[in-house]
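Biologist: I would like to learn how to read a protein model. Could we go through one together?

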Amino acid sequence: MAKASEIKVGNILRFNGELVTVVEFIHRTPGKGGAFYLGKFRNIKTSRIVEARLNTDEQVEICRVETNDYQYLYEEGDYFVVMDNNTFEQFNVPKALFGQSARFIKEGMDVLVSLENEEPIMAQAPNFVELEITYSEPAVKGDTSSGALKMATTENGVELKVPLFVNQGDKIKVDTRTGEYVERVK
């Protein structure tokens with residue numbers, strides 16, 4: 001247990017029985033009354049913002065979270081099986097922790113996983129991935145207005161919009177946070 005005065009932005013706390021990350025933490029000293037802290041916390045599971053007022057000597061639990069690189073091996077139901085690169089230990093991470101970026105993950109890729117008491121609480125795919133185009137519609141000559149896009153399917157079955165010059169067999173770079181095409185890779 002720690003005092004509220006020891007909390008810093010980025011800490012992960014157990015607040016009201018839920019795991020939260022500190023988004024904003026401000027010390028206030030009003031003209032009348034004692035000093036206190038105003039905090040904004042983001043719930044890790046629901047992503048909802050919770051605001052709270054803490055006294056300077058109030059006790060809080062700062063959780064010890066370990067974040068490491070793990071190698072994605074394969075998909076098993078609602079879980080991704082990942083392996084620790086140092087100990088070769090394998091464990092399951094719920095797909096939901098990756099959010100929308102889960103559809104871009106492919107075998108052998110390194111992912112970031114945060115563990116608290118041996119339980120995964122946060123997971124993140126790399127910001128950019130390189131994928132091969134397995135199917136794309138042929139570009140029509142003359143259909144080259146600026147910024148024209150067409151649909152294409154990647155090696156892991158994700159459909160996204162790419163420029164007309166991208167063809168089947170090309171490798172492209174995709175931003176996993178937005179799901180958008182970035183550039184063609186040689």
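This is a predicted model: local features need pLDDT of at least 70, side-chain atom pairs count only at pLDDT 80 or more; totals for chains, interfaces and linings use all residues.

Biologist: Is threonine 153 buried or exposed?

Modeller: Buried means under 20% relative accessible area, exposed over 50%, and partly exposed in between, using a 1.4 Å probe and protein chains only. Threonine 153 has 17% relative accessibility, so it counts as buried. This residue sits in strand 13, residues 149–154. Strands (E, at least two residues) are DSSP runs, numbered from the N terminus.

Biologist: How do strands join up, and in what order do the six strands of the open sheet come?

Modeller: In general, strands of a sheet pair through backbone hydrogen bonds, either parallel or antiparallel. Two strands count as paired if DSSP finds at least two bridges between them. Here the order is 1-6-2-3-4-5, with antiparallel pairing. Strand 1 (2–3) and strand 5 (49–55) are at the edges with a single partner strand each, so one side of each has no neighbour in the sheet.

Biologist: How many bridges join strand 1 to strand 6?

Modeller: Two bridges join them, and alanine 2 has valine 60 in strand 6 as its bridge partner. In the hairpin of strand 2 and strand 3, two residues lie between the strands, and asparagine 16 takes a positive phi near 55 degrees. Strand 3 is joined to strand 4 (residues 36–43) by eight bridges, and arginine 28 is partnered with phenylalanine 36.

Biologist: Which residues have the most contacts inside the largest nonpolar core?

Modeller: In soluble globular proteins, nonpolar side chains tend to be buried together. A nonpolar core is a set of buried Ala, Val, Leu, Ile, Met, Phe, Trp, Tyr and Cys residues joined through side-chain atoms within 4.5 Å. The largest one has 27 residues, and Phe98, Ile105, Val113, Leu160 and Ile172 have the most contacts inside it. A second, separate core of 12 residues includes Ala4, Phe41, Ala52 and Leu54.

Terms used:
Residues are numbered from 1 along each chain as its sequence is written. Side-chain values use heavy atoms; hydrogens and water are left out. Helices (H or I, at least four residues) and strands (E, at least two) are DSSP runs, numbered from the N terminus.
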